[in-house]
Amino acid sequence: MASATTHPSSTHDRGVPEGAAPPAATGSTARPKRDALLDNAKFLLILLVVVGHAISPTADSHLASAVYFWIYLFHMPAFVLISGYLSKSFDGSGRRVDKLLTTVAVPYLVFWGIYALQSLSVGRSLPESPADPVWLTWFLAALFVWRLTVPIWKRIRWPFAVAVAVSLAGGVVATGDILGISRIISLTPFFVAGLLLEQRHFDFLKQTWVRVWAGCTVLVTAAACYLYLERLSLEWVYWRESLTDRDVDLLPVGLPARIVFLALAFALTAAVLSLTPRRTTWFTALGALTMYVYLLHGLVIRVGDSLGWYELTGSFAGPLGSFVVNTVAAVALTFVLCSPWVRRSTKWIVEPNVDWVLRPGRDSAAPKRPVG
């Protein structure tokens, strides 16, 4: 039986990717039940994230290239949308800001350093400062910024229209690399759309005709990627550079294409949410562990690459065989990183306890205005 969508201030409100499973409820203070739909969707999406990164070096295969392009059409936009939905409760209070610092800002800095050291060890170039994200750490930087803007979006009369306008405007100016600002601006409509989602929208997606449309959308876009789209520049789906940075003419190509890719990402996000099981499944609990998978899988892939894993699989199985092998390996890696022993051994770094850096006695309530 499908569970009802919980209010975003429940155990989900950490955002996506998410860390450890919620603590068990005790006594009369039981916390709201987690939403199986969101946990299922988060696990399926993090699985696609790992597969996408794992097959990237195998793009010599046409099939691998098409699958990679199709995954990147929507997997991070979908994550951003879910993150927006789970950020509704952010109100700028001391408690919420503390949580933002300890669960997003600190892991960003920690893993920026880890990925920087790994990059140095293999001769990769580094950004000029920690304000420039290293590889997958861009999402944590973006989530930090998006969360801080939640009170603003709640005050704007037409938030989604404004967010789309911001995204399109961001495509026509040079943005630079600070905090991955181009991705933050470009993907803002998905975060704001998540803030606006309500239970009725999830109910709409479970109708039979919508699910039929969703299945057709998945199949048609996958076929289009195989036949046509994978020949396009991946920058269209990376969202990391503006049209100006890429020297793309705004008209007749740049802005219309940007609108098309926004629409495709929204359509596929809706399709995935429509097709995702709403009941509790055997992988539902793993949806609460996406932070571990997200932050750790890149290290495994990069270390394997530096040790010659992809050359080995390519020479042994050929381009297509390497794609298949690495897809299977990515699925296995996802489950391994969700395992209890991995969580126990890495919790200190994925979810570091940094309460000592916060001021004691923090009051989440607004200070009273003096009288007189």
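Author: A residue is called buried when its relative accessible area is under 20%, exposed when that area is over 50%, and partly exposed in between, with a 1.4 Å probe and protein chains only. The areas themselves come from the Shrake-Rupley method with the 1.4 Å probe, and for residues only the protein chains shown count as cover. The model is predicted, so local features need pLDDT of at least 70 and side-chain atom pairs count only at pLDDT 80 or more, while totals for chains, interfaces and linings use all residues. Residues are numbered from 1 along each chain as its sequence is written, and side-chain values use heavy atoms, with hydrogens and water left out.

With that scale in hand, Trp138 counts as buried, because its relative accessibility is 9%, and Phe139, at 0%, counts as buried as well. Rings of Phe, Tyr and Trp (for Trp, the six-membered ring) are taken as a pair if their centres lie within 6.5 Å, and planes under 30 degrees apart count as stacked, over 60 as edge-to-face and the rest as tilted. By this rule there are 20 aromatic pairs. In one of them, the rings of Trp138 and Phe139 have their centres 5.7 Å apart and their planes at 90°, so this pair is edge-to-face. Elsewhere, ring pairs join Phe43, Trp282, Phe283 and Phe335 into a cluster.

Charged side chains come next. Side chains of opposite charge can pair when their charged atoms come close. A salt bridge here is a side-chain nitrogen of Lys or Arg within 4 Å of a carboxyl oxygen of Asp or Glu, and a search of the whole structure finds four of them.

One of these joins Lys42 to Asp39, with the closest N and O atoms 3.6 Å apart. Both residues belong to helix α1 (residues 36-55), where they are three residues apart, about one turn of the helix; helices are DSSP runs of H or I with at least four residues, strands are runs of E with at least two, and the numbering starts from the N terminus. Lys42 is buried, since its relative accessible area is 0%, and Asp39 also counts as buried, at 3%.

Another salt bridge brings together the side chains of Arg200 and Glu198, at 2.8 Å from N to O. Here Arg200 is exposed, with a relative accessible area of 54%, whereas Glu198 counts as partly exposed at 38%. The side chains of Arg240 and Glu235 also meet in a salt bridge, 2.7 Å from N to O; Arg240 is partly exposed because its relative accessibility is 39%, but Glu235, at 14%, counts as buried.

Finally, Glu128, Asp177, Glu241, Asp245, Asp247 and Asp249 gather on the surface in a patch of negative charge. Patches are made of residues with over 30% relative accessible area and no salt bridge, like charges being joined within 9 Å and nonpolar side chains (Val, Leu, Ile, Met, Phe, Trp, Tyr) within 5 Å. Lys and Arg count as positive, Asp and Glu as negative, with His and the chain ends not counted, and a charge is placed at NZ of Lys, CZ of Arg, CG of Asp or CD of Glu. Within this group, Asp177 is found in the loop between α6 (159-170) and α7 (181-186), and Asp177 is exposed because its relative accessible area is 57%.
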